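These are my notebook entries on one protein model. I set down what I looked up, entry by entry.

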Amino acid sequence: MRAKLGLALENDLSLDALIDQIQNSSGTLKTYDRNKLHTFRKTRNRIAHYGFSPKDDEECARLLLETGLPFLNRCYRELFDFYLDWQDIRPGNNDFSALNSEEMAKAGLLPEVAEHLRVVSRVYARARQLGGLGLSYCFRGFGKYISVRQNEMSFTATEARILQRGDENGVKFEHEMKEKEEVAKIFDVPWEFDCPICEGCDCLIGELDDGRLDIKQVSVRRCACVSCGLVVPQGSPFLADELLREQLENESPRILKELGIR
C-alpha cells in the first residue's frame, strides 16, 4: 500500500490510515467491508504487542480466510496486477505450464503451495456450513506441508546421505510397511494412497467411509502417512477428501470395483 501510494519512508502512516487512503484510491477496494478490516487489524495488533496463544487459533483461522487473505489478494490484483494463486491469472486454466512467461511472473506462490492453500479454503467453505466446529483444523495439511518442506531445506549433507542409504538398503521401506500394517488394523476399510504432502507413493493409509460406499461414493474419513507423519484424525470433515481430491476423482471407479461394489 505504501509503495502504491508513493509515500516517503519518513511518512509513518498507521495501517488504519493506509487502508483508508488505499480504499479511497480504488473503486473495488472501497467496497471491502471496513468493519471486517478493523477487526482484523485490531486482532493483529493485539497479537503483535501481547503475544499469541493456542486460544487464538480459531479466531486467526477465521480472520485469515474470511478477511486477511481475500483483502491481500484484492490489493495485489487491483494495485499491481499480481496474484497469489496462479489459477486466478487466467480463470478456467488448470495447467500452470500453459501460462506464458509474462503470466508466470505475476504468480506469487509456487503452484503446489497455492494448491494447498486452495485446499484450506475449500475445506473451510464446506465445514463452516456444519456449525459447532473448531475450524483451525482446516490448516492441518497446509501446516504439515510447510514443515516438511522446511525440514527438507535444512537437511545437512550427512543427513541426506543417511536418508539415501536407508532408501537403498530397504530399511525405510520395511519400516513403512510395518507402520502401514499397524495403521490398517485400526481403520475399518483401509486403502492406500500417495501422500499429497511428501509425495510418497502408497505411503498414506486412508479409512474409507463405509456409509458412503453403500451409495457407491468413495470418501475418506481419516488418514495417516507413514512417511511424513501427516495425520488427519476423525472429526476433521472434508479435509482428507480435499487433500486426496485428484486421486479420488481418478481412482474411485477402480476402488469400487476392487471392493466388489457395482
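**Entry 1: Asp81.** I looked up the exposure of Asp81 and found it partly exposed, at 33% relative accessibility. Here buried means under 20% relative accessible area, exposed means over 50%, and partly exposed lies in between, with a 1.4 Å probe and protein chains only. I note that the model is predicted, so that local features need pLDDT of at least 70 and side-chain atom pairs count only at pLDDT 80 or more, while totals for chains, interfaces and linings use all residues. Residues are numbered from 1 along each chain as its sequence is written, and side-chain values use heavy atoms, with hydrogens and water left out.

I located Asp81 in the loop between H5 and helix H6 (101-104). Helices (H or I, at least four residues) and strands (E, at least two) are DSSP runs, numbered from the N terminus. I also read the backbone angle: Asp81 is not a glycine, yet has a positive phi of about 50°. Most residues other than glycine have a negative phi.

**Entry 2: Glu199.** I found a positive phi at Glu199 as well, about 65°, although Glu199 is not a glycine. Glu199 lies in the loop between strand E1 (190-193) and strand E2 (204-208). I recorded Glu199 as exposed, because its relative accessibility is 62%.

**Entry 3: the chain as a whole.** I counted 13 helices and four strands in the protein chain. The C-alpha trace spans about 65 × 50 × 45 Å along its principal axes. Of the 262 residues, 36% count as buried. I then looked up the contacts, where contact means heavy atoms within 4.5 Å. Of those with a separation of 6 or more, 49% join residues 24 or more positions apart.

**Entry 4: H4 and H5.** Two packed helices are described by the angle between their axes and the distance between the axes. Axes are lines fitted to C-alpha atoms, for helices over the stretch in contact, and angles run from 0 to 180 degrees between N-to-C directions. For helix H4 (residues 34-50) and helix H5 (residues 57-80) I found an angle of about 125°, with the axes 10 Å apart. H4 and H5 are therefore oblique to each other. Angles under 35 degrees count as roughly parallel, over 145 as roughly antiparallel, 65 to 115 as roughly perpendicular and the rest as oblique.

Which residues of H4 and H5 make the contact? H4 contributes Lys36, Leu37, Thr39, Phe40, Thr43, Arg46 and Ile47, and H5 contributes Glu59, Cys60, Leu63, Leu64, Thr67, Gly68 and Phe71. I sorted the residues of this contact into seven nonpolar, four polar and three charged. Ala, Val, Leu, Ile, Met, Phe, Trp, Tyr, Cys and Pro count as nonpolar, Asp, Glu, Lys and Arg as charged, and the others, Gly among them, as polar.

**Entry 5: Asp56.** I placed Asp56 in the loop between H4 and H5. Asp56 is buried, because its relative accessible area is 3%. Not counting residues up to four places away in sequence, Asp56 touches Arg46, Ile47 and Gly51.

**Entry 6: H2 and H4.** I found that the axes of helix H2 (residues 15-24) and H4 come within 11 Å and cross at roughly 155°. H2 and H4 are therefore roughly antiparallel to each other. From H2, Leu15, Asp16, Ile19, Asp20 and Gln23 meet Arg34, Leu37 and Arg41 of H4. I classed the residues of this contact as three nonpolar, one polar and four charged.

**Entry 7: Glu242.** Is Glu242 buried or exposed? I found Glu242 in helix H12 (residues 239-243), and Glu242 is buried, with a relative accessible area of 4%. Along the chain Glu242 and Val120 are 122 residues apart, and their C-alpha atoms are separated by 8.6 Å. Leaving aside neighbours within four places in sequence, I listed Val119, Arg122, Val123 and Arg126 as contacts of Glu242.

**Entry 8: Ser227.** I located Ser227 in the loop between strand E3 (220-225) and strand E4 (231-232). Ser227 is partly exposed, with a relative accessible area of 32%. Ser227 and Lys172 are 55 residues apart in sequence and 8.7 Å apart in space, C-alpha to C-alpha. Apart from neighbours within four places in sequence, Ser227 is in contact with Lys172, Glu176, Cys198 and Cys203.
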